[in-house]
Amino acid sequence: MTLATKRAMTAYAFLALPLAFFLAVRFGPMLYMMGRSLTSWGLLRKTSSFVGLGNFREILADPVFLQSLSNTAKYAVFGAPAVIALSLGIALLLDLVPRGKGAYRLIYVLPYITPIVAVSWVWRWMFQSPPLGVVNAGLAALGLPAQEFLNSPRQALPSILAVNVWVELGYCTTVFLAGIQTIPSEVVEAARIDGASARQVLRKIVLPLLAPVTFFLAVMEGIQFLRIFTQVYNMSMQATGGPLNSTKSAALFIYQKAFVNFEMGLASAASLVLFAIIMAVTLVQIRVLDKKLNY
Amino acid sequence: MNRFRPIAAALIALLALSAFPAFAEKVSITYWQYFYQSKVDLMNQLIENFEKANPDIDVEQVTFPYESYQQKVAAAIPAGEGPDVVNLFYGWLPLWVKSGYIQALPQSDFSADYFKKGFYPFVAESVNFGGKNYSVPTAVRTLALIYNKRLFREAGLDPAKPPKTLEELAAYAKKLSKYDAKGNLVQAGLLMQPNGQGHVWIREVLFRQFGATPYSADGRKVTYADAKGAQAFKWYTDLVTKDKVGYPNFSTDDVTAFKAQVGAMNVDGSFRIATLNAVKDLEWGVAELPSYKGVKSNFASFWTHSIASGVEGKKLEASVKFLKYITSAEVQELWLQKVGELPATPSLSAKYKADPVISVFLNGLGPAHATSYVDEAGQRAILVDAVDEVNLKGGDPAAVLKAAAAKEQKLIDDFWK
Amino acid sequence: MKVRKAGVAAAYAILTLFSVTMLFPFFWMLMSSLKDATQIFQMRLLPAKPTLGNYAYIFLSRSSRFPQWFLNSAIMAVCTTLSVLFFDSLVGYTLSKFRFPGKKLIFLLIISTLMIPTEMLVIPWYAMARSLKWVNSYWGIMFPGMISAFGVFLMRQFMGTIPDDFVDAARVDGQGELRIFLRVILPLVTPALATLAIFNFIGNWNAFLWPLIAASKPRMFTLPVGLANFSGEAGSDWHLIMTGATVSMLPLVLVFLAFQKQIVRGIAMTGLKG
């Protein structure tokens, strides 16, 4: 055996177990689920049979699934831009201040590293109606009317969305701040000397240079909001995605179909639909943003 | 090395000696129930007693959160990972018997006569399928009106005179409700929580009191959505939307609100006695459910124990023994004291006729009905959503109820298909 | 110059206002955890009579399962993290420092698994865990996270910064390949290992969806799953829920304060996500 083959054998030996892991725990299950999405697989049934695209037809005709998709769209369409705009603003402000940057950043990152379950219950407690909810107590102190928050089909989704923005803010701010710090100061200084105003510097130099970071975050956050589950599970009454399904996300719908009703075939079909949406959105985002970056 | 050999041999012998008898003879069975603190604590104690009396049997208690309990059982039994003895809500029996999760109890130990003599008639009826008995309960539960005496006094009401009719109930509820300067409800006169006991109060009590019949005799036709049923439903939702004496999820839920003393009255079950007694500074009373035009009704239900299908031989023997013990007269009384549920054997209740709390729940058994559910969770959700439709989306109660009845009918039809 | 100063002052004002929004929920959680069952329902910013009774109940009461959940979370987060550290650095090292056919394909294969979100996989994982009788065991909860594709990516990047000479020199010394990896390479990448360890620990400590599915018996719950099940048929004990929430984030705050530099650097570098 040559030295090179011996080394290659070593490499294969090192990789054997991890590769087996990825095949058995990632690819295998994915393929398995694709196959099973075409069957009447249910844990409460003794047998399952091939139903073709029947599961897909059934869930796409299910008004609750369609509502969960539209809710998911709302989370993503309003949530991701909100968190990106807010964090960009904060990062720019942070860049402006000469001192205390680190301390502020730490505070902003805190929600991001705490368990979402804990955070969800804290907000649920704060969102209670009077006389228990501290947010409503604050509104009352300011002379504003009390809000229903999680009890209302109109306000519940925005409330959960706002909490997720609060969670993700620190992460995006940190990434933006790192991006801003990579902008060479000579470029900015040169523009200043040429008489550019602060606003012009921001619009013509800083923002374009931040485009790649913004693009990265848009994709990350888009996916994050499309996958929203834990917040909805913990903040809606009895984990149902209520009131009246108004907060139910696609991920929660899939969870309920699979692990409450044990309709695994239907749930597999639903999760493939969500997967396709996530993939499509990611690709579109890449295309559109790529074009914008290279105009 | 040689020096250690005798010691090792002795150790092994000792281990074998101590382990062998247990290994050879002990039967272990598992008991599943959902997690409710007072029940779990008591069951631990009962298992200890039982194991002392039956050193050859080992019982393990496994508990699951209430919300996921039925699903866990349903998934585990067909896979052979389930319990031997299992606790279930009577409303699930039809589904479980049909799905083959549980087996008929041995005739020798649990004959029809055994049930006739020792249990309430509605219990005997509910556990019998095709002439075979599938389940046996320790306790039964009914509903009553519970109320906060301190809040009664504050509102100028006599805590010794709780409301007797629905009209009085509504009037009391209005007097007991408090609002802040902005008109927000800060103290609920009557807690309205359909996903608690509210849905059964509507289903088996209000519908009947207003003259509707909720279901056909065999339980397969939903019949509550007539004019009278709509009236009953409207009476309930009006309390939320017009009188604003309470609303679903006020202060999280009815139990939390009552414990926090921001809810003055609630319709709740006897199993709450232990929970409420544990709250410091809470002075609470209990009264029979208010009547309407002289009609009384109540909702009786029970959690019951069955033996899972596939349990046989020594495990079956042990399971029967355990079942006999946890439904014995001795345990029924302990259950009443520790959990608050009423003995399933009528004769045991005699001595509590004078107890101010227990007697009220016992009286509820007289006019009580038990719903024949096919899917308790699904049927519950339909009425809960119906109340939300009226309360949150301004739906017309009669139309909403009609839609709910259609949904429930479909659920029942799908089950029997 | 004056305008600039005013701008900075305004920036401070806005940033501080935001900080209050970010911190208030934690403050409210902590204060709520210091109130007893009665005080919790009184609207006061600071508890009238602060008490540690909730903490005592959560940790010492016989009927509290919190200590068990805490232990479960700790054991599983530590075990998964150790496994990830070992395997990810081994794979990263192999993919960076060895030459062999199929190297690029294997790397792409591993990286492409990042595209499959957890939500897609829990259904087949559950079917797998059921048929192998892994449900309600530590292994059943841990197995999907034993190796992380992201860590592989990260470690491969880091391994690239190590000159090949180091490896070659060790080989000339006649050391075994595994020994070279453990004794020579790993010490050189400790900063990367630290970052990976911290993030993996946090990710596992906070994980919710899979533990929720894989553990149905309360004694197997992790902290987040236990916390989510705190409120039940007997109403919501908000004072205990807030105490549980505080306790569940305590270890993370400690980790965070101890390793804030690595964490911030880690986030900035890559945006590591569970």
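**Chain architecture and local features of the predicted model**

B:Q261 is located in the loop between α11 (254-259) and β12 (263-269) of chain B. Helices and strands are DSSP runs numbered from the N terminus, a helix (H or I) having at least four residues and a strand (E) at least two. The structure is a predicted model, in which local features need pLDDT of at least 70 and side-chain atom pairs count only at pLDDT 80 or more, whereas totals for chains, interfaces and linings use all residues. Residues are numbered from 1 along each chain as its sequence is written, while chains are lettered from A and ligands numbered from 1 in the order in which they are written.

The backbone of B:Q261 has a positive phi of about 60°, although this residue is not a glycine. Most residues other than glycine have a negative phi, and most peptide bonds are trans. B:Q261 is partly exposed because 19 other C-beta atoms lie within 10 Å. A residue is termed buried if 20 or more other C-beta atoms lie within 10 Å of its own, exposed if 12 or fewer do, and partly exposed in between, with C-beta atoms placed from the backbone.

A positive phi also occurs in chain A, at A:L244, which is not a glycine and has a value of about 55°. A:L244 is situated in the loop between α10 and α11 of chain A. Its 19 C-beta neighbours inside 10 Å are the reason why A:L244 counts as partly exposed. A:P243 is found in the loop between α10 (230-235) and α11 (250-259) of chain A, and a cis peptide bond with an omega of about 0° joins A:G242 to A:P243. Another cis peptide bond, with omega about 5°, links A:P130 and A:P131. A:P131 belongs to the loop between α5 (116-126) and α6 (134-141) of chain A.

In chain B, B:T345 occupies the loop between β16 (342-343) and α15 (358-364). B:T345 counts as buried because it has 21 C-beta neighbours inside 10 Å. When residues up to four places away in sequence are not counted, B:T345 touches B:G118, B:F119, B:A329 and B:Q332; two residues are in contact if their C-beta atoms, placed from the backbone, lie within 7 Å. B:T345 and B:V123 are 222 residues apart in sequence, yet their C-alpha atoms are 9.8 Å apart in space.

Chain C contains 14 helices and 0 strands. Its radius of gyration, taken over C-alpha atoms, is 23 Å, whereas a compact globule of 274 residues would have one near 19 Å; the globule rule is 2.2 Å times the number of residues to the power 0.38. The C-alpha trace of chain C spans about 70 × 70 × 35 Å along its principal axes. Of the 274 residues in chain C, 46% count as buried. Among contacts in chain C with a separation of 6 or more, 76% involve residues 24 or more positions apart.

Helix α7 (residues 149-160) and helix α10 (residues 190-206) of chain C have axes that come within 10 Å and cross at roughly 165°. Therefore α7(C) is roughly antiparallel to α10(C). Axes are lines fitted to C-alpha atoms, for helices over the stretch in contact, and angles run from 0 to 180 degrees between N-to-C directions. Angles under 35 degrees count as roughly parallel, over 145 as roughly antiparallel, 65 to 115 as roughly perpendicular and the rest as oblique. The contact is formed by C:G151, C:L154, C:M155 and C:F158 of α7(C) together with C:A192, C:L196 and C:N200 of α10(C). The contact of α7(C) with α10(C) comprises 5 nonpolar, 2 polar and no charged residues. In this classification, Ala, Val, Leu, Ile, Met, Phe, Trp, Tyr, Cys and Pro are nonpolar, Asp, Glu, Lys and Arg are charged, and the others, Gly among them, are polar.

Helix α7 of chain C also holds C:M159, a residue that is buried because 21 other C-beta atoms lie within 10 Å. Apart from neighbours within four places in sequence, C:M159 is in contact with C:G92, C:Y93, C:S96, C:K97 and C:V189. C:M159 and C:V122 are 37 residues apart along the chain, and their C-alpha atoms are separated by 32 Å.

Between chains, 64 residues of chain C are in contact with 65 residues of chain A. Helix α1 (residues 2-33) of chain C supplies the largest share of the side of chain C that touches chain A, 15 residues. That side of chain C divides into 52 nonpolar, 9 polar and 3 charged residues. The contact between chains A and B takes 21 residues from chain A and 21 residues from chain B. The side of chain A that touches chain B has 15 nonpolar, 5 polar and 1 charged residues.
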